[in-house]
Amino acid sequence: MNVLEIAKEKISSGGRLNFDEILALYEDNDLLYLAESARRVKESKTGKKIFYTVNRHINLTNVCKANCPLCAYQCRSGSNRAFTLELEDVEEVVRGQRSGVREIHIVSSLHPEKNFSYYLDAVKLVKKILPHVGINAFTPVEIVNFAQISGKSFSEVLSELIQAGVTSLAGGGAEILSERVRKIICPKKCSAAEWLEVMRTAHKLGLRTNASMMYGHIETIEERIEHLLKLRDLQDETGGFMAMMLFPFHPENTELGKKFNLRRVGSWEDLKMLALSRLVLDNFAHFKAFRIMLTLPIAQLALSFGADDLDGTIGEEKIIHAAGAKSSSIITREALEKIISEAGFQPVERDSFYREMF
Amino acid sequence: MFVRGELEKIEVKVLNGKRLSREDGEILFGCNELSWLGSLADYVRKKICGNLVYYNVNCHVNLTNICRARCKFCAFGRGAEDKGSYAMTIDDAIKLVEEANRDPHLSGLHIVSGLHPTWSFENYLAFVEVLHEKFPQLHIKGFTGVEIQHFANISGLSVEEILIRLKEEGLEAIAGGGAEILTDRVRNLLCPKKCSADQWLNVARTAHKLGIKTNASMLYGHIETFAERVEHLIRLRSLQDETGGFQTFICFPFLPKNTALEKEIKQTSMWDDLKTMAISRLMLDNFQNIKAYWVMLTVPVAQVALSFGANDIDGTIHRENILHDAGATSPRSLSEDEIIRIIREAGRVPAAVDCNFRRIIK
């Protein structure tokens with residue numbers, strides 16, 4: 001049997017794929033084989049259920065000292081796009097939430113002047129106003145920054161955030177977990193090792209997290225696969241990841257896009273990476289089809305490619321729209337349920353921890 | 001694969017090259033096994049047409065949007081006095097084509113238009129004559145069965161005579177639009193002033209007999225039932241058995257914006273679009289090509305459709321009008337490089353063709 005045949009054999013018997021097998025599946029480019037296989041894996045884990053949640057994104061600031069070439073969202077202080085929410089602004093946003101919101105999602109840039117207590121206070125405020133709502137906040141990139149500016153260890157920072165009310169960590173900032181790639185796309189961001197170490201520490205403290213990959217820029221296919229394997233290894237060790245998200249790189253308005261003349265990869269690549277990642281990450285329960293990135297029609301199709309979570313009825317997404325995403329920010333519960341049912345699945349509203357809401 | 005029961009029986013038929021029945025078609029529309037449908041259609045696509053994906057570098061020429069049919073699903077047609085109505089002169093058409101012809105790869109024109117209430121057949125014919133004379137290297141595909149029947153009605157000539165005259169002036173192929181759903185129930189409700197289902201098929205049959213290739217289409221996602229979609233496909237398949245003159249089949253999802261049906265009908269989902277694409281490939285076993293028309297499907301869906309049975313992605317278009325009046329969100333044109341990139345990313349081989357699917361070697 002050649003490598004591809006071995007890979008397919010493993011997929012049908014539930015075996016674990018190695019690097020060469022994953023590469024062979026990628027190169028084989030049989031989109032619907034990957035789809036069908038990924039969907040079967042999805043159904044073995046979560047049946048016909050497709051999850052969604054009612055959440056709200058809050059971006060505290062876009063002023064950033066990392067200035068990653070991959071990012072269209074960040075800016076320097078003094079820019080006419082710069083904004084920073086003060087606590088009273090946060091309060092207004094949070095009080096404006098209708099009942100029924102299950103999760104507040106807070107991710108922000110690395111503000112050059114704000115100290116750790118600013119972020120802690122923002123979390124405490126959300127917790128005070130919405131005591132029963134999950135707070136999914138901060139990527140490891142932000143956690144590393146908090147440790148640096150406060151002089152505390154990852155463990156101390158995370159413990160304080162848990163105390164303040166954070167219930168899970170966001171999965172962003174992983175980009176591609178390779179130092180070669182990070183030097184080019186986000187040189188001032190935390191290293192791959194640091195990203196993984198924050199996640200490991202969080203999981204040890206009982207804080208669940210998500211994970212992600214941003215592809216379609218300057219990384220090689222081999223680097224994508226290594227990225228997935230690093231996540232799989234850590235998940236074996238801790239079991240602390242809840243969901244995986246795939247972010248296709250949106251080059252518009254980014255330095256990286258301009259410098260390398262990059263174009264957004266096509267829907268083919270998006271769906272292929274989704275299905276392939278589902279097959280590789282056999283120890284992840286959930287895969288999000290992030291409709292802001294994919295657009296709603298492709299997100300619906302993604303349900304047939306291994307995704308089991310359409311994320312939320314997000315209010316006001318800023319980060320990806322800064323990079324030219326054309327999808328609408330807000331979607332109603334009814335519309336989400338309709339596209340799920342139409343695809344032959346069962347819509348299930350979840351909370352921050354994938355507990356079913358009735 | 002992974003299906004049971006009725007679907008498994010259908011799968012066995014397809015894998016053995018057996019023809020699917022009307023009942024099979026209806027079962028497929030009722031099922032939700034999207035990736036299974038896609039794989040099966042992809043299997044048939046590989047068998048019938050291999051790895052090439054056809055595209056053309058073309059320019060759409062819509063001579064007028066003034067139309068006496070005013071079908072309910074159309075956002076393009078207007079009355080002569082309505083805002084935004086236009087009727088090109090021959091000079092306008094020449095100017096448009098000259099502009100598109102700055103692209104040295106331009107190889108064809110696609111001419112479809114409203115049924116202008118005062119234009120004669122000669123008016124339409126003159127465009128073909130002049131454009132062919134001025135741009136002899138461009139292959140001209142033009143006019144749907146609806147327009148051809150209209151020309152016969154207004155000129156007193158037979159469909160055959162109309163087709164012969166158009167061919168003499170340089171027309172090389174007939175466009176696939178206007179088929180909508182080939183049942184009189186649907187047509188009476190949506191497009192009562194347009195030619196009947198039988199007339200549409202008769203135009204195609206007559207053209208095929210004259211050696212003129214035509215194309216076929218289906219406009220779905222409005223008031224038709226799944227059974228009517230299947231009926232439509234079977235009628236096309238039967239005629240293709242008889243003549244073999246259809247080249248490509250195009251699925252048109254109905255875009256409701258700015259049409260008379262806007263309030264009642266929601267746009268189809270991509271799920272339905274890909275399902276319909278795959279089922280069309282499976283039912284139309286005697287069609288060589290299935291087109292993923294990116295203008296209606298959007299580019300991302302059209303690209304994915306290449307694994308749901310499609311082997312034709314239409315063309316660069318230059319400037320699309322008809323569907324952008326109905327709120328199409330795709331761009332009005334694509335560059336050839338972009339089309340090639342879309343095809344290659346899907347692991348397929350791009351092949352530029354003219355309107356009769358002859359390869360264009362650059």
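Two residues are in contact if their C-beta atoms, placed from the backbone, lie within 7 Å. Keep that cut-off in mind as we work through this predicted model.

**Exercise 1. Describe the contact between chain A and chain B, and find which element of chain A gives the most residues to it.**

*Solution.* 
- Step 1: Start with the two sides. Chain A brings 23 residues to the contact, and chain B brings 21 residues.
- Step 2: Now look for the elements of chain A with two or more residues on its side. These are α3 (31-46), α12 (267-280), α14 (296-302) and α16 (333-342).
- Step 3: Pick out the main contributor. With seven residues, α3(A) gives the most to this side.
- Step 4: Sort the residues of chain A's side by type. Eleven are nonpolar, seven are polar and five are charged.

**Exercise 2. Follow helix α3 of chain B: how far does it reach, and what do its buried residues pack against?**

*Solution.* 
- Step 1: Find the helix at residues 34-49 of chain B, 16 residues in total. From first C-alpha to last, α3(B) reaches 22 Å, close to the 22 Å expected at 1.5 Å a residue.
- Step 2: Look for buried positions, those with 20 or more other C-beta atoms within 10 Å of their own. Among them are B:L34, B:W36, B:L37, B:L40 and B:V44, and also the charged residues B:D42 and B:R45.
- Step 3: Ask what covers them. The buried residues of α3(B) pack against α3 of chain A, and also against α1 (5-15), α2 (22-30) and α11 (270-283) of chain B.
- Step 4: Step past the end of the helix. There you meet B:G50, which has a positive phi, near 65°.

**Exercise 3. Decide whether strand β6 of chain B is covered or open, and find its partner strand.**

*Solution.* 
- Step 1: Check residues 214-220 of chain B. Seven of the seven residues of β6(B) are buried, so by the same cut-off the strand is mostly covered.
- Step 2: Compare its faces. B:T214, B:A216, B:M218 and B:Y220 are buried on one side, and B:N215, B:S217 and B:L219 are buried on the other.
- Step 3: Find the partner. β6(B) pairs in the parallel sense with β7 (residues 246-253) of chain B over six bridges, and B:A216 has B:F249 as its bridge partner.
- Step 4: With helix α10 (residues 226-243) of chain B, β6(B) and β7(B) make a right-handed β-α-β unit.

**Exercise 4. Give the strand order of the open four-stranded sheet in chain B and name its edges.**

*Solution.* 
- Step 1: The order is β2-β3-β4-β5, with parallel pairing.
- Step 2: β2 (58-61) and β5 (171-174) are the edge strands, each pairing on one side only.
- Step 3: Zoom in on one pair. β2(B) and β3 (residues 108-111) of chain B share four bridges, and B:C59 stands opposite B:L109.

Technical notes:
Residues numbered from 1 in each chain as written. Chains lettered and ligands numbered in written order. Predicted model: local features only at pLDDT ≥ 70, side-chain atom pairs only at ≥ 80, totals over all residues. Buried ≥ 20, exposed ≤ 12 C-beta atoms within 10 Å, placed from the backbone. Pairing = 2+ DSSP bridges. Right-handed = clockwise from strand over helix to strand, strands pointing away. Expected span 1.5 Å × (residues − 1).
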